[in-house]
Each structure stands twice: as C-alpha cells, then as structure tokens.
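Student: Can we go through this model together? I'd like to take it topic by topic.

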Amino acid sequence: MKPVLVLLVSTAWTFTGAQYYYQGLMDYLENRLLAIEDRIQFWHDQSHRYHTELQDFKKLTAEAMDGLKNEHSLLFKDLEGAAVKVDRVEREMDYVETQTSPRACANKAEKVVEQGAWGLEESRGEEEEEDWEELYSRVSDCVEIISSIRSVKILKRVGSPKGMWTRDPRSSKVYVFNGTSGESIYQFNSVRDFSRSPGVTSSRQIRLPSEWSGPGSAVYNGYLYYIQQEADTDVQVVKYDLLSGSVTDIAMFPVESQATVYNLNPETVADLAADDEGLWLLYATSDSEPNIHLAQMDPATLDIEQIWDTRCPRENAEAAFVVCGTVYVVYNTRLASRSRVQCVFDVNDMVVSEEAPLLYFPRRYGSHASLKYNPEEKQLYGWDDGYQIIYRLTMKRKLLV
Ligand SMILES: *[C@@H]1O[C@H](CO)[C@@H](O)[C@H](O)[C@H]1NC(C)=O
C-alpha cells in the first residue's frame, strides 16, 4: 500500500511541477501576445491617424483648389465685365463726341439730298454719284472748316498694311499706291470699279519712270505729284502727266537732313495735297525741328510760293490733310488707339482754335498710313491696316473775324 501512495504522491508532485512549468510558459506567451497586440493596436492607431491626416489634407487641397477655381472664374467674369464696360464707355464717348462737336450750318434741304444720294450711291451706282458730286462742286468759295465726321465706309482690303489711295477730283479716277514705296501704281476708272474689282485685277498698272517714296502722293487734274528720294537727303517732288505718261517737272526740296514728317509713319518722307488752291507740301525741315512745316507750291511749275511753320508737332502725328488752306494734323499713340485731329493750322489765320473741333475718328483696326482729302466730295480717303476707307465730312463756314 505504501509504495503505491509514494508513487501517487510523487506523480502528483511531478504533475504539479509540470503544471507550474506550463503555467509559466502560458503566462509568458500570454504576455508576449498582449505586448504584440498592444503593438498592433499602436500601429493600427498610428496608421489610422496617418490615414485621417491624409484625408484631411486631401480635403483641404480640394477645398483650396475649389477656391482657386472660383476665384479664377470670378476674375474671368470681372475681366469680361471690364471689357464690356470699356466698350460701353467707348460708345458713350462716341455719342458724346457726336453730341458736342460743333453743328454744321448746312441748310436742311441740302443735307437731305446729300444723305439720300449717299444711300443710293451705295446701292445702285454711278448716275446718282454724279448728281451727288454736282451738288458739291457748286461750293467753290473756300471758307469751310470740318465740323464732324459724318460717316465711314469701309470699301475693301487690298495690299499691304501701309499704303495710300486717292481719287482725282477732276477725272474721278482712283489711284492705289500699295506699300510704302514702289515704281508702279494702279489706276481704276471709278471708286465703284475699284470696290468691285477682285484685288487689283481690273486696274491699269502704271509704271513710273522713278520710284515713289512714302504714301504721300497727290493726284489732281490728270497729274500725279509724288515724292522721289534718291540719296538720303535728296528729296524731290515729281510732277507726272498721267495721260501722256511723262514727267513734266521735278523740284528739289531744301531739307537739311533726312527727317520724316509724321513721327508715327516714318515711311512718309513728305506729304503732298492738291486742291483748287494749289499744291501743298507737308514736310519736316530737319530731325531737330519738332514741328510740321507747310509749303505752298505752284502746281504748274512746282515753285515754292510760301512756307509756314504750322506749330503742329511731328511727335505722335500719323497723317495730315489740307482743307481750304487749313492743315488738320491727325494724332495717335504708338500702340494704335483712336486717331484724332488735335492740331489745326490755317494759312489765312481765320480758324481760331476754339472753333476748330477736336475730331475723333471712329474706332478702327489700327492706325492710318495715309489720309487724302478730296475737295470735290468733301471726303477723306484713308488707308488703315490695308483697308481702304472713305470718311465723309460735314463742313461749316469759318467764322470771319
Ligand atoms: C502689295 O505689296 C505687298 C508687299 O509690300 C505685296 O506682297 C502684295 O502682293 C502687293 N499687292 C498688290 C495688290 O500689289
């Protein structure tokens, strides 16, 4: 009995010993697992935090992007609004200009006939054009100044950005000077022929004996007057008979050094204008002389009869024209904005500056390379960025002082 008991006890002891051993192991493992779980929990928390942060960041950037997008579209809208406003202001200015420019003293009947004729001329053609001209040629006593620009007609676009075109008031023929110099010009039988011609195909090309320099020529009564510049300082006025095709006169022009008459159109060496009163030459005496000078020439002999300093600056001038012995100088800015007559000079001292209107040209593509006045029709032939434009003018009588 006793050994059995001993065995039992010893087995129990051994069992208890093993139990303790396993318990310790279990505890150890449990602790380790708990530690690992803690770790995992920690990592999990950590990654969760990163994830949330990332999400927040994403949300923030998305909001910022939205904000930027909104601001961009707001800015865009603002810009559009500003453009509309600028447009409106320009229109208002146009309106104010037409309202405040001096009224013409033309009698009513005449004005109605003129307007009617203009409309007909546009729609039908030459018969009316002639009636309409006759009406003007009655006015020969030259005591008129421009009161406003009544209408604009954009005829077509031919040739390069710079050039000139004009119409002989006597023969009604139209002459086109493409570019800023050349040896040939194009002749059309009428404005209508020119406007209907595809390009210059229906014209007669006239080859001149020498090169014309700058868009400053004039045509009057079958004669072409043009500027010829051979050496740097040698400026000449050439008179060319368009009918016989020969040069009838050449006049040297006394300029000290090469200087162009309009600062914004340096290709215009000098500018000629021809009318009933004679032949006019606008020029610059030298580069150091800031004002535009005017010479009156005898159209038959090209003799210089008189010279004036117009006191109109060359700076920012783009073109000029002569109406009834009054020079109108057109100014602009280097970045072309709106052309305007800002300086007027009257050889008879009859136009006082309060009387001379500040004339704004209607908004156009660019700036004028040339403006040629036709005394019979009271209109300007303009060349603006390759477009041929006719401006019709309203005249009024000079105040006699
Ligand atoms: C006008 O002149 C330009 C170059 O200045 C030339 O390219 C063009 O063909 C000319 N056009 C006509 C109709 O002569």
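Predicted model: local features only at pLDDT ≥ 70, side-chain atom pairs only at ≥ 80, totals over all residues.

Student: Fine. Ligand first: which residues surround the ligand?

Tutor: The residues around the ligand are S160, N178, Y186 and V200. By class, that shell holds two nonpolar, two polar and no charged residues.

Student: How far is a polar side-chain atom of N178 from an oxygen atom of the ligand?

Tutor: For N178 the distance to a ligand oxygen is 2.3 Å. Y186 also places a polar side-chain atom by an oxygen atom of the ligand, at 2.8 Å.

Student: And how much of the ligand does the protein bury?

Tutor: The protein buries 43% of the 360 Å² that the ligand exposes when taken alone.

Student: Changing topic. What is the strand order in the open sheet of four strands?

Tutor: The order is β10-β11-β12-β13, and the pairing is antiparallel.

Student: Which are the edge strands?

Tutor: β10, residues 271–275, and β13, residues 304–313. Each of these two pairs on one side only. On average, neighbouring strands in this sheet are turned by 20° against each other, direction ignored.

Student: Back to β10. How many bridges does it form with β11?

Tutor: Five bridges, in the antiparallel sense, with β11 covering residues 278–283.

Student: Next, E377. Where is it?

Tutor: E377 sits in the loop between β18 (368–374) and β19 (379–384).

Student: Buried or exposed?

Tutor: E377 counts as buried, because its relative accessibility is 1% and the cut-off for buried is under 20%.

Student: What does the E377 side chain contact, then?

Tutor: There is a polar contact with the side chain of N374, at 2.9 Å. Another polar contact, of 2.7 Å, joins the side chains of E377 and Y381.

Student: Last one, V327. Which strand is that in?

Tutor: V327 belongs to strand β15, which spans residues 326–331.

Student: Why does V327 count as buried?

Tutor: Because its relative accessible area is 0%.

Student: And how does V327 lie relative to W280?

Tutor: The C-alpha atoms of V327 and W280 are 9.6 Å apart in space, while the two residues are 47 residues apart in sequence.

How values were computed: Residues numbered from 1 in each chain as written. Heavy atoms only, no water. Pairing = 2+ DSSP bridges. Axes fitted to C-alpha atoms, helices over the stretch in contact; angles between N-to-C directions. Near = heavy atom within 4 Å. Polar contact = N/O pair within 3.5 Å; in protein donor to acceptor, adjacent residues only side chain to side chain. Areas by Shrake-Rupley, 256 points an atom, 1.4 Å probe, with all protein chains shown as cover. Nonpolar A, V, L, I, M, F, W, Y, C, P; charged D, E, K, R; others polar. Buried < 20%, exposed > 50% of the residue type's maximum accessible area, 1.4 Å probe, protein only.
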